[in-house]
Structure formats: C-alpha cells, structure tokens
Amino acid sequence: MRKRLVILGVLSAVLLSSTGCGSQLTQLSDEDESRLVAYCAQVVSKYNKNNNTGLVSIPKKTESSDDETASSSSDDEKKDTADASEAANASSTSSESNENQETGTFTEAIGIGGMQFLYRDARTASGYQQGHAYDLTADQGNELLVVRIKAQNTTKKSLRIDMPSQNMTFQASYGDQTVASDMTLLMNDLTTYQGTFKAGKGRNMLLLFQFPKGTVKDVNKVQYSVRKGSTTVSIDKAKSKKN
C-alpha cells in the first residue's frame, strides 16, 4: 500500500510540474519521455482490475471465423435446398408411379355394371340449345365441342344411374390443349346425369367441352380420357363405336 502511495505521489508531482498555472510545460528528452510512458503503462497494468479484459471488450471471434460461419451457413442453406428439391422430385415420381395409365372404351372407363356407353360423333359450335328452355353459350373467346354418347342398359332390369357419385372426370385433348368437361343442367349431360334406364333401353347423352376458339380444326383428331380415382383410361374411339 505504501509503495502504491509513493508511486501516485511521484505521478502527481510530474503532472503538477508540467501543468503549473502560467508556467511552460517541462520539456522532456525523447529518452525521458519513453521512460515515463513505459513506467505509467506498467503502473496502470499492475493496478488495473480489468487487466485480463482490458478497457474495451474485444470479441473472441475474428473476421476469419465470421467468414467461416457465414460460409458454413451458406453451405447448409444450399444443402437444405438440394434436399428439398430431391424430396419434391421423389414425391413427383412417386405420384406418377401411383397413377395407372390404361387404354379402353368409354364402357370400360366408366365401369357401371350393365351399362354400355358408345361413342357417336363430335362437332364444334358456339352454343348448344335444348328445346326452348335451355340455351348454353360458350364463354367469350371459346367454342363448344359437343360429343354424343349413346348410353344403353344391356340388362333385363331397370338400372338407376348417378353419375356425380362416380367421381370421374372426362377430358378432351387436342394438340397441347387438354380441358375437362363442363358440368351443366342439361337433362342429357352425361357428367351430371341422375336417372333410371329401363331394361334394354338407351338414350343419347352429351359431353360438352370448351376450347379456345379455332383450336379444334379436326374433331376426328380429338383424344378423350376418363379419370376415375388413381386410374386414367385413354379412350379408343374405334372400339367405343362398336355395339
């Protein structure tokens, strides 16, 4: 403690001698100034309670370690992106593999026991009118593809048909355009039909599709498909015309 007081006294004397009121600063030689600086630094270092940390907290991580952390984070993000991409591709592949692709007739694709569905013909039109009660017009810029299907009860008993409950989708494709059938209130719309076919009786039904105007140039080249659950059946029109 005594030594500490002596040191402080010496420092005070030096300061007073160098800053006296109205007197000039004591001129020190370069050698004396170096000794004084070294001595003061030694005293401060010895009695500084924060000697281990210094007056300013210096981060332990250097710029190089920060760069390594950022690089590591970037690599992790790239890996996560790659993993997500692989997972998406795997999911897509799995989905495609779970969907069955088949070829058959309308009768086979619809699959209602005792009922036969025969393809008749198709034509394009700007609209479709049923009597005087129902006039269906295509959306602006579109035209209708009107497809006739003959539905026939081949059994000796009446059959109740509920098409909406079948959960199937009719599709028509021409070139790179594929559209699903419209669902209308027409009494003979096969997509929404609910009714009874008497034994051995049949009736003409319709499927209506909307294509951009001018898309379908040859109705004979339109391809049809029926999707039911996980199975999609591409329609063979030639076989679908036979009784």
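Colleague: Which side chain of opposite charge is nearest to Asp189, and how far away is it?

Modeller: Keep in mind throughout that this is a predicted model. Asp189 sits in the loop between strand S8 (177-180) and strand S9 (194-197), and this residue is buried yet has no salt bridge. A salt bridge would need a side-chain nitrogen within 4 Å of a carboxyl oxygen, whereas the nearest side chain of opposite charge is 11 Å away and belongs to Arg203.

Colleague: Turning to the chain as a whole, what share of the contacts with a separation of 6 or more comes from residues 24 or more positions apart?

Modeller: The protein chain contains five helices and 12 strands, and 27% of its 243 residues count as buried. Among contacts in the chain with a separation of 6 or more, the share from residues 24 or more positions apart is 73%.

Colleague: Is strand S12 largely enclosed or open to its surroundings, and which of its residues is the bridge partner of Gln101?

Modeller: Four of the five residues of strand S12 (residues 231-235) are buried, so this strand is largely enclosed by the rest of the structure. With strand S1 (residues 100-104), S12 pairs in the parallel sense over five bridges. Within S12, the bridge partner of Gln101 is Thr232.

Colleague: How do S11 and S12 run relative to each other, and which residue in the turn of their hairpin has a positive phi?

Modeller: Strand S11 (residues 223-228) is joined to S12 by four bridges, and the two run antiparallel; Arg227 has Thr232 as its bridge partner in S12. The two strands form a hairpin with two residues between them, and the turn residue with a positive phi, of about 65°, is Gly229.

Colleague: Where S7 meets S8, which residue of S8 stands opposite Ser173?

Modeller: S7 and S8 run antiparallel and are joined by four bridges. Opposite Ser173, the residue in S8 is Thr178.

Colleague: Is Tyr174 buried or exposed, and which backbone nitrogen does its side chain reach at 3.5 Å?

Modeller: Tyr174 lies in strand S7, and its relative accessible area of 16% falls under the 20% limit, so this residue counts as buried. Beyond its neighbours within four places in sequence, its contacts are Phe211, Thr215, Val216, Lys217, Asp218, Lys221 and Val222. A polar atom of the Tyr174 side chain lies 3.3 Å from the backbone nitrogen of Asp218. The backbone nitrogen reached at 3.5 Å belongs to Lys217, a residue 43 positions apart from Tyr174 along the chain, with 9.0 Å between their C-alpha atoms.

Colleague: In the open sheet of three strands, what is the order, and which residue of S10 stands opposite Asn142?

Modeller: The pairing is antiparallel and the order is S2-S5-S10. Strand S2 (115-125) and strand S10 (202-212) stand at the edges with a single partner strand each, so one side of each is left without a neighbour in the sheet; neighbouring strands are turned by 20° on average, direction ignored. Strand S5 (residues 142-153) pairs with S10 over 11 bridges in the antiparallel sense. Opposite Asn142, the residue in S10 is Pro212.

Conventions. Residues are numbered from 1 along each chain as its sequence is written. This is a predicted model: local features need pLDDT of at least 70, side-chain atom pairs count only at pLDDT 80 or more; totals for chains, interfaces and linings use all residues. Side-chain values use heavy atoms; hydrogens and water are left out. Two strands pair if DSSP finds at least two bridges between them. Axes are lines fitted to C-alpha atoms, for helices over the stretch in contact, and angles run from 0 to 180 degrees between N-to-C directions. Buried means under 20% relative accessible area, exposed over 50%, partly exposed in between (1.4 Å probe, protein chains only). Contact means heavy atoms within 4.5 Å. A polar contact is a pair of N or O atoms within 3.5 Å; within protein, one must be able to donate a hydrogen and the other to accept it, and residues adjacent in sequence count only if both atoms are side-chain atoms. Lys and Arg count as positive and Asp and Glu as negative; His and the chain ends are not counted.
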